[in-house]
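This briefing goes through one protein chain by topic. Please read it alongside the sequence and the model.

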Amino acid sequence: LLISGIGALVFVYAGGYLAGDRELNRFNASLMLFMGSMLGVVFSRNLLMLFIFWELTSITSYILIGYKHAYADSRAAALQALLVTGGGGLALLVGILLLGQAGGSLEIGVLTARSQEIQANSLYVPIVLLVLAGASTKSAQFPFHFWLPNAMAAPAPVSAYLHSATMVKAGVFLVALMTPVLGGTTLWAGLLTAFGGVTMVMGAFVAWRQTDLKRILAYTTVSALGMLTCLLGIGTPVAFKAAMTFLLAHALYKGALFMVAGAVDHQTG
């Protein structure tokens, strides 16, 4: 719903925001490829397939963040985002392979059924650390949060779509998806609530010290992602419902705010 629904609105917005841009078709093609990659992530029920789409989102976001490739700051921000999320992706791949070894399958349904067996395995601790490393880099959790504000070098439609509604939520989605398999332990809950809580407070504290519209929104997004991670770490049914409600609410209001910020930047030059 978020990927296709907000994606459609961003396409309409981008048509006006980038009107007259000679490379608008390239932008639209890149955005469509990103949208397909994100849909692949959420529809995959095999972890190896999920990983392939996961890395495709990193590559397509690199293209979109560096859309203004004539500017050095855009190229640097795109490369930084690719290195951080790509590095986390490699950690995730190792975690997936270890999980497959511990659970005897890469199908999420099978792994869920064998969760107790996996959690009793000696590989459980490295699996949790590697999977959460992949999720944390994608969702800009402390100490990997720095790439998200720098990615504001991207055009406003990219910020509205990738950095409020979709790509940064992929890590949150992965944590929710893996909770029935890896969750319910002190290690899982402790890491998520600790890093999520620190990210939430740090993002909020830094946000009010900013003066650039998009950087204010970027740091409040970091804070919101920390809150989502913390709620998933708490892990109760009420906390999960709160996390999913806020996931939708945040995408709606933050996507709209990025569009407003883009409109102000666009009109004032």
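The expected span of a helix is 1.5 Å times one less than its number of residues. Helices (H or I, at least four residues) and strands (E, at least two) are DSSP runs, numbered from the N terminus. This is a predicted model, in which local features need pLDDT of at least 70 and side-chain atom pairs count only at pLDDT 80 or more, while totals for chains, interfaces and linings use all residues. Residues are numbered from 1 along each chain as its sequence is written, and side-chain values use heavy atoms, with hydrogens and water left out.

**Helix α11**
- Helix α11 covers residues 186-207, and its 22 residues should span 32 Å at 1.5 Å a residue; the end C-alpha atoms are 31 Å apart, which agrees.
- Buried means under 20% relative accessible area, exposed over 50%, and partly exposed in between (1.4 Å probe, protein chains only).
- The buried residues of α11 include Trp-188, Leu-192, Met-202 and Val-206, and the glycines Gly-196, Gly-197 and Gly-203 are also among them.
- Packing partners of these buried residues are α7 (124-138), α10 (170-182) and α12 (213-234).

**Whole chain**
- The chain contains 13 helices and 0 strands.
- Its radius of gyration is 18 Å, in agreement with the value near 18 Å for a compact globule of 269 residues (taken over C-alpha atoms; the globule rule is 2.2 Å times the number of residues to the power 0.38).
- The C-alpha trace spans about 60 × 35 × 30 Å along its principal axes.
- Of the 269 residues, 53% count as buried.
- Contact means heavy atoms within 4.5 Å; among contacts between residues at least 6 apart in sequence, 75% join residues at least 24 apart.

**Loop between α4 and α5**
- Ser-105 lies in the loop between α4 (72-103) and α5 (108-113).
- With a relative accessible area of 17%, Ser-105 is buried.
- Leaving aside residues up to four places away in sequence, Ser-105 touches Leu-99, Gly-100, Val-110, Leu-111 and Arg-114.

**Loop between α7 and α8**
- Most residues other than glycine have a negative phi, and most peptide bonds are trans.
- Ala-140, in the loop between α7 and α8, has a positive phi near 55 degrees.
- Ala-140 counts as buried, at 0% relative accessibility.
- Phe-142 and Pro-143 are joined by a cis peptide bond with omega of about 5 degrees.
- Pro-143 is placed in the loop between α7 and α8 (147-150).
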